[in-house]
Amino acid sequence: MAQLFLLSWVTVIFTVIMNLTGIPSCLEIHRSKSTCHVMFLPFVTMGFNNCLWYSYGVFTDDWNLIITNLFCFILQLFYIVIFIAYTESKLYHVFQCGVTVLVLTIILLYFTTSYKPHQSLTMQLGLIATVSTMFMYLSPLMELAAVFRTKCARKISIPLTAASLSCSVLWITYGIMVEDIFLAIPNIPGILSSCARVVLVCHYDKGPPSVLNQYVV
């Protein structure tokens, strides 16, 4: 029990640290008054996943999930507000947020109004959150393809990669310890993606990566 308690808080801390890596990008946006070097979609997808996992934490009464994803969702909202404030395509990005909110609202309405057994709803929500997270972790494949094409890995952020790898390992371990397959499975692509980044950095470019481009995929 003591080991699980320690693991849960270490997992929370590392996950929060990983989400805080968006701050340098926001500072650069504010400094340059431009968003051309930062992708907007990762902020939206991470916020979307935070909402799903927060809801799953409520359904499973897992305070580790609730605390982590609530804090990280607030961070993503902050990043989104900063991005929209400085982007030239405000209407387009607001539309993206609107579609995301609509989809999320439909999902949450289903799970909060359905009369299906609680266990069945929990499994369905876990499955949706798992698939969504796996897609989020696989999205950097576009970045890896760009590295292959340019033979340059300086746009890969080593701090973000290390944080992502650590979080994936911790969540898999936590999922195994609490016997929750939905917490373990979606983080496997996170490990594979992070390891692929490390290999590419070592192979193509050992110089320091640009932290400010950590969200460019």
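**Figure 1. Residue classes in the lining of the second largest cavity.** In this predicted model, the lining comprises 11 nonpolar, eight polar and no charged residues; Ala, Val, Leu, Ile, Met, Phe, Trp, Tyr, Cys and Pro count as nonpolar, Asp, Glu, Lys and Arg as charged, and the others, Gly among them, as polar. Of the 19 lining residues, Trp 53, Asn 69, Thr 133, Tyr 137 and Trp 171 lie nearest the centre of the cavity. A cavity is a set of points, on a 1 Å grid over the protein atoms alone, where a 1.4 Å probe fits but cannot get out, and lining residues have an atom within 4 Å of a point.

**Figure 2. Helices around the second largest cavity.** The helix α3 provides the largest share of the lining, four residues. At least two lining residues come from each of α1 (2-20), α3 (41-60), α4 (63-86), α6, α8 (158-177) and α9 (181-184). Helices are DSSP runs (H or I, at least four residues), numbered from the N terminus. The space in this cavity is about 250 Å³, the volume being that filled by probe spheres set on the points.

Figure 3. Ser 132, within α6 (residues 118-138), is buried at a relative accessible area of 16% (buried: under 20%, 1.4 Å probe, protein chains only). Its side chain forms a polar contact of 2.8 Å with the side chain of Asn 49.

**Notes.** Residues are numbered from 1 along each chain as its sequence is written, and side-chain values use heavy atoms, with hydrogens and water left out. Local features need pLDDT of at least 70 and side-chain atom pairs count only at pLDDT 80 or more, whereas totals for chains, interfaces and linings use all residues. A polar contact is a pair of N or O atoms within 3.5 Å; within protein, one must be able to donate a hydrogen and the other to accept it, and residues adjacent in sequence count only if both atoms are side-chain atoms.

Terms used. Buried < 20%, exposed > 50% of the residue type's maximum accessible area, 1.4 Å probe, protein only. 1 Å grid on protein atoms, 1.4 Å probe; cavity = no way out; pocket = protein on both sides within 12 Å on 5 of 7 lines; lining within 4 Å.
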